[in-house]
Amino acid sequence: MFRRTARTARTNRANRTTAVLAATAAAATALVLAASTTSTAAVTAPGFLGGTDLPPHPSSAWYSGKVTKGLPEFAPFCAEGALPATGSWHRVFSTEFDTGAVQVSVRTSSDAAATKLAAALERKVAACAADWLRRTPGGTASWQDYGKVAVEEGAHVYGVHTSMPESEPGVHLYGIGRDGSTVTFVTWGQMGYLADGPVPAFKKTTVKAVNKLNP
């Protein structure tokens, strides 16, 4: 009787141990899966503009590059050093002529971080003409604040013109906007002056860019 009872006790202990181990393994698996899901969500690219979302070019279609993780090979003019590589994706657009565009979107760690990044980008663009003049003796530059755009947490549109003697002038438009913890930076550029920039169409582009961030 004693041996039978002892064997029963050992069996019960073994069963309990097996159950505990199984439960622990299941919990560990759940944690791994949860972490994997969180990691996957964290690296999902934001939604991006397509070529038809950009201001129409009078003589060419827009050609859209792939949405690519990280920053473009060459930093957009006026945003040098202001866009973080972490959490960034970009897309480059081109035409058959000199007109081009770039969109960079950044998933930050929080709404507060996104607010800070958007503000830093706005300051960088607003100071771009003056900064360029300091680095470029003999050049001329100007800028224009085209105002805020009502979309999600807000957006702002600017224009910057630069020119060197005996060289073609250049004009760039910038749209900077935020949806939650994601910031987008859109720039359009071509030869010309501020008056040549398609501001109303670009404002619509900026609205689309922000609306596409978190479909």
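Colleague: Let's start with Glu152: buried, partly exposed or exposed?

Modeller: Glu152 counts as partly exposed, because its relative accessibility is 46%. Buried means under 20% relative accessible area, exposed over 50%, and partly exposed in between, with a 1.4 Å probe and protein chains only. Bear in mind that this is a predicted model, where local features need pLDDT of at least 70, side-chain atom pairs count only at pLDDT 80 or more, and totals for chains, interfaces and linings use all residues. Residues are numbered from 1 along each chain as its sequence is written, and side-chain values use heavy atoms, with hydrogens and water left out.

Colleague: OK, where does Glu152 lie?

Modeller: In the loop between strand 5 (140–149) and strand 6 (155–163). Strands here are DSSP runs of E, at least two residues, numbered from the N terminus. Phi of Glu152 is positive, near 45 degrees. Most residues other than glycine have a negative phi.

Colleague: Which other residue has a positive phi although it is not a glycine?

Modeller: Cys78, with a phi of about 80 degrees. Cys78 is in the loop between strand 2 and strand 3 (88–94). Cys78 counts as buried, because its relative accessibility is 1%.

Colleague: Switching topic: how many aromatic pairs are there in the whole structure?

Modeller: Two. Rings of Phe, Tyr and Trp (its six-membered ring) pair if their centres lie within 6.5 Å; planes under 30 degrees apart count as stacked, over 60 as edge-to-face and the rest as tilted. Tyr174 and Phe185 form a tilted pair, 5.7 Å centre to centre with 50 degrees between the planes.

Colleague: What does that pair tie together?

Modeller: Tyr174 is in strand 7 (residues 170–179) and Phe185 in strand 8, so the pair links parts eleven residues apart in sequence. Both Tyr174 and Phe185 are buried.

Colleague: And the largest pocket, which residues lie nearest its centre?

Modeller: Phe77, Gly100, Val102, His172 and Gly189, out of 16 lining residues. Strand 8 gives the largest share of the lining, five residues. Strand 4 (100–107) and strand 8 (182–191) each supply at least two. A pocket is an open set of points on a 1 Å grid over the protein atoms alone, where a 1.4 Å probe fits, with protein on both sides within 12 Å along at least five of seven lines; lining residues have an atom within 4 Å of a point.

Colleague: How far apart are Gly65 and Val102 in space?

Modeller: 9.5 Å, C-alpha to C-alpha, and 37 residues apart in sequence.

Conventions: Helix = DSSP H or I, 4+ residues; strand = E, 2+ residues; numbered from the N terminus.
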